[in-house]
Amino acid sequence: MKLIIDTDPGVDDAMALFWAHAAPEIDLIGLTTVFGNVRVDQATRNALVLCDVMGLDIPVAEGAGQPLVLPPFPPSAYVHGDEGFGDMPAMTPTRAKDPRDAVTYLTETVCAHPGEIVVAPIGPLTNIAAAIQADPEFAGNVKQIVIMGGGLKGGNITPHAEANFYHDPHAAHFVMTCGAPIIMVGLDITEEVTCVPADFAAMAAASPKHGQMLQDMSHFYLRFYAEYGLEGCGLHDPAAIIAITHPELFEMKRTGVSVVCEGDEIGRSVPSDEPTVDVAVGGDAAAIKALFMDRIGTLP
Ligand code: BDR
Ligand code: CA
């Protein structure tokens with residue numbers, strides 16, 4: 001299955017990309033980048049660095065630096081570190097970004113392979129909304145849009161809002177209600193799938209390059225969770241990628257979802273009627289975590 005990941009790397013974004021690379025079911029054909037955990041130029045640089053680590057020569061197309069409507073947000077350095085990978089210093093990639101912008105890359109690639117490509121946004125939905133707006137055929141040509149975002153029970157960045165929806169609620173609302181085939185993998189399950197320091201040590205032992213890098217970037221991310229009294233960190237973005245290949249591990253509910261675009265509850269996901277999407281409201285968290293760790297362990 002051909003997959004494009006739209007990403008703001010980000011510690012758990014790196015976990016998601018490495019897992020997609022390890023998955024035999026997935027042909028990771030390209031990346032697009034967006035602001036969020038870091039500035040978009042940092043996101044592009046980090047995505048290229050991760051491609052170097054994976055040995056993947058695929059397009060990395062840069063996307064939006066700010067939301068569709070709201071003014072720009074500062075990066076979430078308090079969660080992911082100043083450069084996006086926790087305490088790790090900025091690294092210089094060997095390759096340059098794709099000459100196309102994210103919307104051009106997404107629309108051209110999906111149009112060239114109608115019904116074949118899964119797009120997985122694991123950052124704010126700005127690029128995806130812009131692609132749907134730029135190409136009226138995009139929502140019909142995409143095989144599936146599998147989103148890490150939202151949550152019916154509550155938020156993480158505010159009591160109501162999950163961070164990716166909060167950082168561009170207008171884009172999130174537009175995408176969630178566009179009628180495309182969508183799976184929403186939000187906090188209702190991603191907060192349940194956690195790794196503790198010993199899990200990262202095990203991955204580093206099994207996978208000296210990829211697993212070690214995840215352990216190196218995990219320390220800062222784990223300290224953020226520890227401030228809330230939590231021993232483990234959430235595998236948000238990997239859980240969304242795992243839902244593509246292993247939907248049987250998730251409990252899905254079919255419902256419409258709209259996103260609050262103003263006021264105190266901005267960014268909140270609210271159940272609605274049409275059009276419906278599949279929302280992961282639960283799942284086998286232990287099995288999802290085991291699958292994540294096992295497959296990271298197969299990487300060099
Ligand atoms: C989401 O927000 C970002 O901090 C993570 O990378 C993930 O995509 C979790 O709310
Ligand atoms: Ca992310």
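Distant parts of the chain are linked here, as Asp13 in helix α1 and Asp237 in helix α12 are 224 residues apart. Helices (H or I, at least four residues) and strands (E, at least two) are DSSP runs numbered from the N terminus.

A word on the model: it is predicted, local features need pLDDT of at least 70, side-chain atom pairs count only at pLDDT 80 or more, and totals for chains, interfaces and linings use all residues. Residues are numbered from 1 along each chain as its sequence is written, chains are lettered from A and ligands numbered from 1 in the order in which they are written, and side-chain values use heavy atoms, with hydrogens and water left out.

Now turn to ligand 1. The residues around it (a heavy atom within 4 Å) are Asp12, Asp13, Asn37, His80, Ile122, Met148, Asn156, Glu162, Ala163, Asn164, His236 and Asp237. This shell divides into three nonpolar, five polar and four charged residues. At least two shell residues come from each of α1 (11-22), α7 (163-167) and α12 (236-245).

Which side chain has an N or O atom 2.6 Å from an oxygen atom of ligand 1? That is Asp237. The side chains of Asp13 and Asn164 each place an N or O atom 2.9 Å from an oxygen atom of ligand 1. The protein covers 95% of the 280 Å² of accessible area (Shrake-Rupley method, 1.4 Å probe) that ligand 1 has on its own.

Finally, look at two spots in the backbone. Pro9 and Gly10 are joined by a cis peptide bond, with omega about -15°. Gly10 lies in the loop between β1 (2-7) and α1. Pro275 belongs to the loop between β10 (269-272) and β11 (276-283).

Definitions and conventions
A polar contact is a pair of N or O atoms within 3.5 Å; within protein, one must be able to donate a hydrogen and the other to accept it, and residues adjacent in sequence count only if both atoms are side-chain atoms. Ala, Val, Leu, Ile, Met, Phe, Trp, Tyr, Cys and Pro count as nonpolar, Asp, Glu, Lys and Arg as charged, and the others, Gly among them, as polar.
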